[in-house]
Amino acid sequence: MEAISQVTWTPPQAENRISSMTSIRNDWCISRQRTWGVPIPVFYHVESKEPLMNEETIDHIKSMISQKGSDAWWYMKVEELLPEKYRNEASNYIKGTDTMDVWFDSGSSWAAVLGKRKGLSYPADLYLEGTDQHRGWFQSSLLTSVATNGKAPYLGVVTHGFVLDEKGFKMSKSLGNVVDPRTVIEGGKDQKDPFGADVLRLWVSSVDYTTDVTIGNKVLRQMSDIYRKLRGTLRFLLGNLHDWKAEYAVPYSELPMIDQYALFQLESVVKNITESYDNYQFFKIFQTIQRFVVVDLSNFYLDVAKDRLYVGGTGSSTRRTCQTVLAAHLLSVVRVIAPILPHLAEDVWQNIPFPFTAEDGEKANFVFESKWPVLNERHLSFPEEEVNFWETILEMRTEVNKVLEVARTKKLIGSSLEAKVYLHAPDTDLVSRLVDMCASKNEADTLHRIFITSQVEILPSLENVSEDNIPCSGEYLIQNENKVWIGVSRADGLKCERCWNFSSQVGNYQDHPSLCGRCHSVVGQPIPALAAAS
């Protein structure tokens, strides 16, 4: 019982289960009277029935079985099985016919495996099996190891439930409801399109394995959709890093606040995922990856980043700062998903357009040579007040999108770039920050870029507001404490044919009358050699 308490049990309630079963266990008879199984290597005197089994006989039989297998006991003669010292008395002995209890057989596997194989150590780091093994393998291994060595043969034990069909029934060939992993991976008669190994592995990571779980085409199709979205996000990162080199990286202190916040989110996610791996909480990893990569990253940062990546100019600082963040995301995300989605991770790794050198200085040709991401404490030290502020901005962006959708429904606008957003709030500190963002020298931090609209204006009051000049509006509660009034009208100025933003500067340039000031400055620059060649 003391050995049980020194083991890490996952889930924790497994300790109670094996403790109760072990404490009420009766004496263990390890012999079985069956016609199959591993023989107990004992000889019996024909007349006295006294057993003959000592170190010499065991060593000799071990040498025979190591050469010819355990069946040698059944087909070899007594005189061949006895060591030379006893062969003259072979006629006085017969072979025992009892076999070893299978639980003693499997329960002593730690001695045969951990003690004999190079690279393995005793006790094992982990034993993994179903919940029924608290009475079986986990317990028999514990008993044999404690009896001979005084300690458990494992440092940790993970137990899992059983896989049921989509309706929650036990799988049975007679019912025809068996889900064959090979069919899931490769396809088959009842499943034309294969899902592949990664989708099956993704499903495994998504379920709480400590209980019984269900599987079927419906849930696998859901996993396949999530997999494709994840793959699409990684493909976007790869595509926008096609011209990236490590020397282009912008120092952290020079990054816009939106980029510093994005790196904080990334490091927080890597930290949480690492902890979940350490605790075998794979479903938490799935939830984190899905929420961060598929939802948060794609729907916010990458959505906002498109303007910087496509419009700002190939070698512009706004594009390079964004690429610095994208490279960090790609290298971290691909490595933390690799244990669950090795094929996707390796596919991405082989298409990374720049070399990667691990922390030890070695070049990583494969994803599993790249080592685990090392947490960046500076990125994690992003001030708490700034984290809270950016969470407010994200929630405000969600509410702005709601008003934009109303404007779209009323045919006021089509694209969000056709809109001008107005904000008013009674919280003076919040208003001050919003005003600063509108006037930010770093364009990536400006509110209209974050909202993906052409303009944003902060109103000091609502006295002169009317439905004629601001047709769509509403009041929203942000972070359950800040009331913010949000209004939408048509954007001022004309549409730039290059970036599609509306600007009063369009028409001011004789050489490019259809461009805004930003695009005019970009197209007026010399074309970099790399971009020209492509």
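A quick word on ground rules. This is a predicted model, where local features need pLDDT of at least 70, side-chain atom pairs count only at pLDDT 80 or more, and totals for chains, interfaces and linings use all residues. Residues are numbered from 1 along each chain as its sequence is written, and side-chain values use heavy atoms, leaving out hydrogens and water.

Now the overall build. There are 21 helices and 16 strands in the chain, taken as DSSP runs (helices H or I, at least four residues; strands E, at least two). The radius of gyration is 34 Å, well over the 24 Å from the globule rule for 534 residues, so the chain is more spread out than a compact globule. That radius is taken over C-alpha atoms, and the rule is 2.2 Å times the number of residues to the power 0.38.

| Chain property | Value |
|---|---|
| C-alpha span along principal axes | about 115 × 50 × 50 Å |

On to the rings: the whole structure holds 18 aromatic pairs, meaning Phe, Tyr or Trp (its six-membered ring) with ring centres within 6.5 Å. Y127 and W137 have centres 4.4 Å apart and planes at 20°, so they count as stacked (under 30 degrees). Y127 sits in strand β7 (residues 124-130) and W137 in helix α8 (residues 137-149). Ring pairs also link both with W9, F138 and Y154 into a cluster.

Technical notes
Phe/Tyr/Trp six-rings, centres within 6.5 Å; stacked < 30°, edge-to-face > 60°.
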